[in-house]
Amino acid sequence: FPSSKDIFTIRQSFEKQVLLLNSSLVLKASKYLKLVDRILLKDKVTLVATHNDLKPENIFFNNKFMIIDWEAACLGYSYFDLATILIFYNLSDDEQNEFLEAYYNRKPTIMEKEKINLFKQEVLGYYGMAYLMLSVYKNLPPLSSEEINNLPELHDYLENKFLQNDTLDSYLKAQKLGWILIKKLMKIGVAATSL
């Protein structure tokens, strides 16, 4: 595996492009992610072999278990991979606990759960900014505030996506998913900063 591809710096490069949308939601998300970054970067973590794109489209369960799309793989944060799975597989709280217990072969510590929760926010920001960046590159007009507000919640979007075997086959769908992810991030951010 190559040395670390800094997911924080990569996400920030996406953000620079997405900030061109002049969206107050994107600006708030960018500011909030800087807080999350500072918390996560304070802690020295041992880097391990990571895939960095463990969305369902890259994991196959057929006669064999297969993972594809290794271009982002490097020495990185295992928490990022775990958080990606927890979010994009739309796992309930009970399913997340079961998954993490199987992963660790024990109950995760409070500190491990806290790091995973922070990395879930990183994943929301990373993929939200990445999908929105695609629409910037394609010069798609951004959705209006009303259209963004009318988008489904992430849980509902992912549930419907799995039921209909829907794919991100257009830049507009990618943009919509980007806004859904950023909206979810900001709901968590508002709750976290109001404590």
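**Helix packing around α5**

Trainee: How do the axes of helix α2 and α5 cross, and within what distance do they come?
Mentor: The axes of α2 (residues 24-42) and α5 come within 10 Å, and they cross at roughly 140°. Keep in mind that this is a predicted model.

Trainee: Is the crossing of α2 and α5 left-handed or right-handed?
Mentor: α2 and α5 cross in a left-handed way.

Trainee: Which residues make the contact?
Mentor: From α2 come Val26, Ala29, Ser30, Tyr32, Leu33, Val36, Asp37, Ile39 and Leu40. From α5 come Leu118, Phe119, Gln121, Glu122, Gly125, Met129 and Leu132.

Trainee: And how do the residues of that contact divide by class?
Mentor: The contact of α2 with α5 has 11 nonpolar, 3 polar and 2 charged residues.

Trainee: Ser30 is on that list. Is Ser30 buried or exposed?
Mentor: Ser30 counts as buried, because its relative accessibility is 3%. The cut-off for buried is under 20%.

Trainee: What does Ser30 touch?
Mentor: Glu15, Leu19 and Met129, once residues up to four places away in sequence are set aside.

Trainee: New pair. At what angle do helix α1 and helix α5 cross?
Mentor: Roughly 40°, with the axes of α1 (residues 7-18) and α5 (residues 110-137) coming within 8 Å. α1 and α5 are therefore oblique to each other. α1 passes α5 in a left-handed crossing.

Trainee: Which residues make the contact there?
Mentor: On α1, Ile7, Phe8, Ile10, Arg11, Phe14, Glu15, Gln17 and Val18. On α5, the list includes Phe119, Tyr126, Met129, Met133 and Tyr137. By class, the contact of α1 with α5 has 13 nonpolar, 2 polar and 3 charged residues.

Trainee: Now the largest nonpolar core. Which residues touch the most other members?
Mentor: Phe80, Phe119, Tyr127, Met129, Leu154, Trp179 and Leu181, out of 48 residues in that core. The elements giving two or more residues to this core are α1, α2, α3 (78-88), α4 (93-104), α5, α7 (154-164) and α8 (171-193).

Trainee: Which element gives the most to this core?
Mentor: α5, with 13 residues.

Trainee: Switching to Thr84. Where is Thr84 found?
Mentor: Thr84 sits in helix α3. Thr84 counts as buried, at 0% relative accessibility. Leaving aside neighbours within four places in sequence, Thr84 is in contact with Leu54, Lys55, Tyr89, Val123 and Tyr127. Tyr127 is one of the core residues that touch the most other members.

Trainee: Last one, Lys184. Where is the place of Lys184?
Mentor: Lys184 is in helix α8. Lys184 is partly exposed, with a relative accessible area of 35%.

Trainee: What does Lys184 touch?
Mentor: Leu124 and Leu154, not counting residues up to four places away in sequence.

Trainee: How many Å apart in space are Lys184 and Phe8?
Mentor: 19 Å, C-alpha to C-alpha. In sequence, Lys184 and Phe8 are 176 residues apart.

Methods. Residues numbered from 1 in each chain as written. Predicted model: local features only at pLDDT ≥ 70, side-chain atom pairs only at ≥ 80, totals over all residues. Heavy atoms only, no water. Axes fitted to C-alpha atoms, helices over the stretch in contact; angles between N-to-C directions. Helix = DSSP H or I, 4+ residues; strand = E, 2+ residues; numbered from the N terminus. Parallel < 35°, antiparallel > 145°, perpendicular 65-115°, else oblique. Left-handed = near helix turned anticlockwise from the far one by under 90°. Contact = heavy atoms within 4.5 Å. Nonpolar A, V, L, I, M, F, W, Y, C, P; charged D, E, K, R; others polar. Core = buried A, V, L, I, M, F, W, Y, C linked by side-chain atoms within 4.5 Å. Buried < 20%, exposed > 50% of the residue type's maximum accessible area, 1.4 Å probe, protein only.
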